[in-house]
Amino acid sequence: MSRPRRKCARYSSPPKLHINDLPQEIMYTIFDYLCFYSLREVSLTCRRWERLISEYGATRFTLRIGRVRSDEDTWYADCSARAKVHLTEAAKMLDWTKRRYSKVDIDLLGKPFETHQMNLVLSKLLVPSWLEQLVVLRVGLGKHLQTFAVKISKAVVKMGCLQELHLVHPANGSKCLHSFKELKVVNRSLHKLVLHVSLPEVIDCPNLRVLDIVSSLDVETIVGKQYIEHGGEEPYWKLKQLEELMIWHPDDDDDDGRMMFSSRLLEQATSIGSIEKIEFYRHLKQLKKLYYHASIVSSEVLQAICESCVQLKDLHLMYLASIGPNPLRHLSNLNMLQQLSICCSADILSFAGVRLPRLERLLLYDMKIDWPSLAELSSIKWLKITPDPSKVDQICDLFAGQLSSQLNFLWLSMDYVDVYACLPKLSALKTLVVENVNQQFSKFLPRLPQLRRLVIFPGYMSKMTLPLRLPKRMVKLELMELGFYEIFIRDISKCMMEGDYARLSLHFREQRSILLKYSYRNVSSLR
């Protein structure tokens, strides 16, 4: 008797899904990978995609309203007429547009011929439908804008989704500090506040975690005085919940990162406002990142920072007045510290007796260093130094010690042949950055079979091409980059304080400062 034949199950292919059937959230994710020009071309596909990209662009891109660009040959009357037309059209657009812009950038210049139009623009912008959707608001405040400051203060209170507020200088205006007596920042959702123009009379934002401010506003002395006079209470400026604090010098663009430590400057660092500054940092116990890129930090202020801000993970000091024996000994209180950056020091910088078990990134600029003391920082994996030609033997001993098996990123800001000879001892080195080099440096660079990435910054006014012999000495090299020195010097301080070299490289690509970039395939062909 034969068995009955079993019916085999038919396996059908999954149904095909058209791209227009995808949810809107997935389409937005796909659009994230497209540049502006690609999005413009894709928007011409059909009306649905045009609508999708129109709505998506309102959340990704920033709506900018401000001063019109003018050429040197443009007459003042023509410029004022164009500004009037520009602001009038902007007010009309804000009135009828259906796009839900979440990022707005507006410059309030306060010129006589623009004040009326600016009031008209603000009347259209500061309405409930706009206030409910704004996430990032940048306001360029010029002088004589007391009326605008009051309007902005009242509107910020009503913004339920606001995450970032920038009160800065206009893009084409003068960079001067102004006093807006009735300027207040009160908002429950605000996460980041940028102040480059004026210190508000009141800062009351329970969710505020990031404060970016210029040193000339003297927030440390003013808020520290508040704590002293009110017994640690915060009637005006509520900043105890801060996690990131960035204090910049107002003229950072013209600053080369160096300062002469005269006796007068050191006296100022230890006397003017030091009590208020100490009291200020004693109340910032939630602080995790501190970028002090402004005045000199005295030993007393550094001690207050290390004893109170014990949750710090990232610390950047521009000028350190190392008065007293081993001022860095207080850093041992920062058990959570992962990145440390010091630009200048009055005395020899020594890490003797400093215990930082989680420190991975150390950035030391042009200063005198006790090189053997660096060996006590046993967890370093990322190092930037300026080698001292008289201490080359100590640097080589440092590389041959514990750093030989753990250092995977090294940044050398000077060109010294003797230091290059020590690099083969760093068996874990994956990325090497050399700065201020000339075309001859490749002759002295030894074989580095472990290296995967090489970045070269030529010296000032030095014309240089990418050396083609290097890939033959570095069998695992995957990427070589050559950058402009001028752009590097201008942007290095701010980029390096973020502690992420990947972001620094991205910034250079955006500025078109990377001249040549060799991928793995190109480097292999050079061998």
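This is a predicted model: local features need pLDDT of at least 70, side-chain atom pairs count only at pLDDT 80 or more; totals for chains, interfaces and linings use all residues.
1. A cavity here is a set of points, on a 1 Å grid over the protein atoms alone, where a 1.4 Å probe fits but cannot get out, and lining residues have an atom within 4 Å of a point.

2. Residues are numbered from 1 along each chain as its sequence is written, and side-chain values use heavy atoms, with hydrogens and water left out.

3. The lining of the largest cavity consists of I106, L122, L125, L126, L134, L137, V139, I152, A155, V156 and M159. By class this gives 11 nonpolar, no polar and no charged residues, where Ala, Val, Leu, Ile, Met, Phe, Trp, Tyr, Cys and Pro count as nonpolar, Asp, Glu, Lys and Arg as charged, and the others, Gly among them, as polar. Helix 5 (115–125), strand 3 (136–141) and helix 7 (146–157) each supply at least two residues of this lining, and the largest share, three residues, comes from helix 7.

4. Overall, the protein has 18 helices and 19 strands, which are DSSP runs numbered from the N terminus (helices H or I, at least four residues; strands E, at least two). Of its 527 residues, 49% are buried, with buried meaning under 20% relative accessible area, exposed over 50%, and partly exposed in between (1.4 Å probe, protein chains only). Among contacts (heavy atoms within 4.5 Å) between residues at least 6 apart in sequence, 62% join residues at least 24 apart.

5. The largest nonpolar core has 135 residues, and L239 and L432 have the most contacts inside it; such a core is a set of buried Ala, Val, Leu, Ile, Met, Phe, Trp, Tyr and Cys residues joined through side-chain atoms within 4.5 Å. Leaving aside neighbours within four places in sequence, L432 is in contact with L410, L412, L423, L445, L448, L451, R453, L454 and V455. A second, separate core of nine residues includes F31, V42, I53 and Y56.

6. Helix 8 (residues 219–229) has V219, E220, T221, V223, G224, Q226 and Y227 as its buried residues. Their cover includes strand 8 (210–214), strand 9 (244–248), helix 10 (274–282) and strand 10 (289–297).

7. Some backbone angles deserve a look, given that most residues other than glycine have a negative phi. D218, in the loop between strand 8 and helix 8, has a positive phi near 55 degrees and is partly exposed at 31% relative accessibility. Helix 8 is followed by G231, whose phi is positive, near 60 degrees. N436 also has a positive phi, near 60 degrees, and its place is in strand 16 (residues 431–437).

8. G353 lies in the loop between strand 12 (339–345) and strand 13 (361–364), and is partly exposed, with a relative accessible area of 43%. Apart from neighbours within four places in sequence, G353 is in contact with S332 and E376. The C-alpha atoms of G353 and E376 are separated by 7.6 Å, although these residues are 23 apart along the chain.

Methods: On a 1 Å grid over the protein atoms alone, a cavity is a set of points where a 1.4 Å probe fits but cannot get out, and a pocket is an open set with protein on both sides within 12 Å along at least five of seven lines; lining residues have an atom within 4 Å of a point.
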